[in-house]
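Q: I'd like to learn how to read a few features of a protein model, one at a time. Can we go through them with the structure on screen?

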Amino acid sequence: MLAFALGLACAILLLLYLFLVWPFNYWKQRGVNGPKPRPFVGNYPSGFTQKRSIACDIHDIYETYKKSDDFVGIYNCRTPQLLVINPKLIRRVLVTDFKHFHDNDASTMADKNTDFILGNNPFVLTGEEWKERRAEITPGFTTNRIKTVFPVTNKVCQTMIDFIRQQMKIGNKDGIDGKDLSLRYTCEVVTDCVLGLSADAFANRPCPILDMTKNIFDQSFVFIAYILLTGMLPWIKKVKKLRFIPKPVEEFFVNLMENSLSMRKEQKQKGVNENRVDFINYMLHLQEKKNLQIPELTAHTMTFLLDGFETTANVLSHCLLLLGRDPNRQQILRNEILAKLDSTDDFDTIMDLPYLDACIHETLRLFPPGAFSTKLCTESIEFENRNGKTLKINEGTTVVLPIHALMADEEHYENASSFEPERFLDGGLKKYRDQGLYLAFGDGPRICLGMRFALTQIKGALVEIVRNFEIRVNSKTRTDNRFDPTYSLMRLDGGIWLEFDSIN
């Protein structure tokens, strides 16, 4: 009986092993090189051990094969994926051959029924629906509209400066939490610019909006388990979609949106705020033009709201970190600001500060919000590898673009691990973009919708902070650039803790 039980157990384990490794010949049979995958985790062990960021797994593969192959075959658990290494091919995926890679892979994991907010986001939408939604939202992010609401950004900047001074008086030995400071700022700016409401983000009392956004991008056990299961059994995606935005967060923001829309309509009827050219006014005009229902209008507006919170705060906090580590470059930026701006901030002048712009793009190079991008092949296409072999990429194949690895490559960026904004001066940014080497905002038709708005927020905050304070890094902050392995975006492990010395 014991022998039978042991034999059965061995047979089950053998069958399980064969099930896990059976697809691992997929790329070999097609003549595509790649690293040997491991049973259960494929080529992404860090996604499950969480001992380091997944960015490190992709970076290791990139470095191993960049001299021999233009693309390699990898596996998410047991699901084949194609990792594109050559920047020219990456640009083809994003720009030239966009129609063959029209959709993001995230579209296979979320929909409107399971996740109302994410499912309605242009990042997840596909085909003609994505095209229509993008066309509707893009006019809300024009330079003129962003310029019109810039006084709101400026007002919030002054509140932030007062908050920093208050925190300096308290004198916490750990300094000020740079991410918390940045998130308070972006919450206040976005909430006011989009909804015309105050989030009270800098108040001592915890702010509901701030609390609701803080943990959205933390990787929950359910999220990790879903990625694992769908990597092993891709058909699960067709049966059960992922909820990325927690239900309480969704309900909070949907209620907030509906109340704000109702309030603005009442104000409009009374002749109040009718000339305020903010994003919600644009959405109300769009509603009248397109006859949108409240759920549709709420979904549209949520794109403006949530997209501007976390990722923008992430960039701002890391830029403060890098400037705090480099007093000399911080002073160069301060000199530029003081030389070109007086006490009255001018939108056009701030947008045309070259060193400020370079500092932000260098931050994005070192800490891009996303370590990699996953595109879905929507129409089969052939790619030729460096060895002359041609691969037909089938419809439905996930193509991985190694954004961080590409922008951290010493062959493309000299002293790639160093903060050197000068590389983006004098046409440097355009040069890197044209070569397909700078992908912090993506590229092509699906380039980040809110890029201009995000850059405006970041520039406004940096101008006020740098000209009012000297930034230093508290000893609690790590000195290397190790990424947080538990976070879905890229951020410094252990947090960013800063100290400020008043200049004025």
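Q: Where does Cys-77 lie?
A: This is a predicted model, and in it Cys-77 sits in the loop that runs from strand E1 (71-76) to strand E2 (79-84).

Q: What is there to read in the phi of Cys-77?
A: General idea first: most residues other than glycine have a negative phi. Now the case here: Cys-77 is not a glycine, yet its phi is positive, about 60°.

Q: Is Cys-77 buried or exposed?
A: Cys-77 is buried, because its relative accessible area is 1% and the cut-off for buried is under 20%.

Q: Okay, on to helix packing. What numbers describe two packed helices?
A: You give the angle between their axes and the distance between those axes. Take helix H9 (residues 150-170) and helix H10 (residues 178-195): the angle is about 150° and the axes are 10 Å apart. That makes H9 roughly antiparallel to H10, since angles over 145 degrees count that way. The crossing of H9 past H10 is right-handed.

Q: Which residues of H9 and H10 make the contact?
A: From H9 you have Val-152, Thr-153, Lys-155, Val-156, Cys-157, Met-160, Phe-163 and Ile-164. H10 brings in Leu-181, Arg-184, Tyr-185, Glu-188, Val-189, Asp-192 and Cys-193. Sorted by class, this contact has ten nonpolar residues, one polar and four charged.

Q: How do H9 and helix H23 pack?
A: H9 and H23 (residues 451-468) pack at about 40°, with 9 Å between their axes. H9 and H23 are therefore oblique to each other. Their crossing is right-handed. On the H9 side, the residues that meet H23 include Phe-150, Asn-154, Gln-158, Ile-161 and Arg-165. Among their partners in H23 are Thr-456, Gly-460, Ala-461 and Ile-465. The class count for H9 with H23 is seven nonpolar, seven polar and two charged residues.

Q: Now a single side chain. Which backbone atom lies 2.7 Å from a polar atom of the side chain of Ser-107?
A: Look for the backbone oxygen of Asn-104. Ser-107 itself is in the loop between strand E3 (103-104) and helix H6 (116-119). Ser-107 counts as buried, because its relative accessibility is 14%. Skip its neighbours within four places in sequence, and the contacts of Ser-107 are Val-124, Thr-126, Lys-241 and Leu-376.

Q: How far apart in space are Glu-258 and Thr-298?
A: Their C-alpha atoms are 6.8 Å apart, while in sequence the two are separated by 40 residues. Glu-258 is part of helix H14 (residues 247-269) and is partly exposed, with a relative accessible area of 30%.

Q: And zooming out, what does the secondary structure of the protein come to?
A: You get 23 helices and ten strands. The protein has 504 residues, of which 56% count as buried. Among contacts between residues at least 6 apart in sequence, 74% join residues at least 24 apart.

Note on methods. Residues numbered from 1 in each chain as written. Predicted model: local features only at pLDDT ≥ 70, side-chain atom pairs only at ≥ 80, totals over all residues. Heavy atoms only, no water. Axes fitted to C-alpha atoms, helices over the stretch in contact; angles between N-to-C directions. Helix = DSSP H or I, 4+ residues; strand = E, 2+ residues; numbered from the N terminus. Parallel < 35°, antiparallel > 145°, perpendicular 65-115°, else oblique. Left-handed = near helix turned anticlockwise from the far one by under 90°. Contact = heavy atoms within 4.5 Å. Nonpolar A, V, L, I, M, F, W, Y, C, P; charged D, E, K, R; others polar. Buried < 20%, exposed > 50% of the residue type's maximum accessible area, 1.4 Å probe, protein only. Polar contact = N/O pair within 3.5 Å; in protein donor to acceptor, adjacent residues only side chain to side chain.
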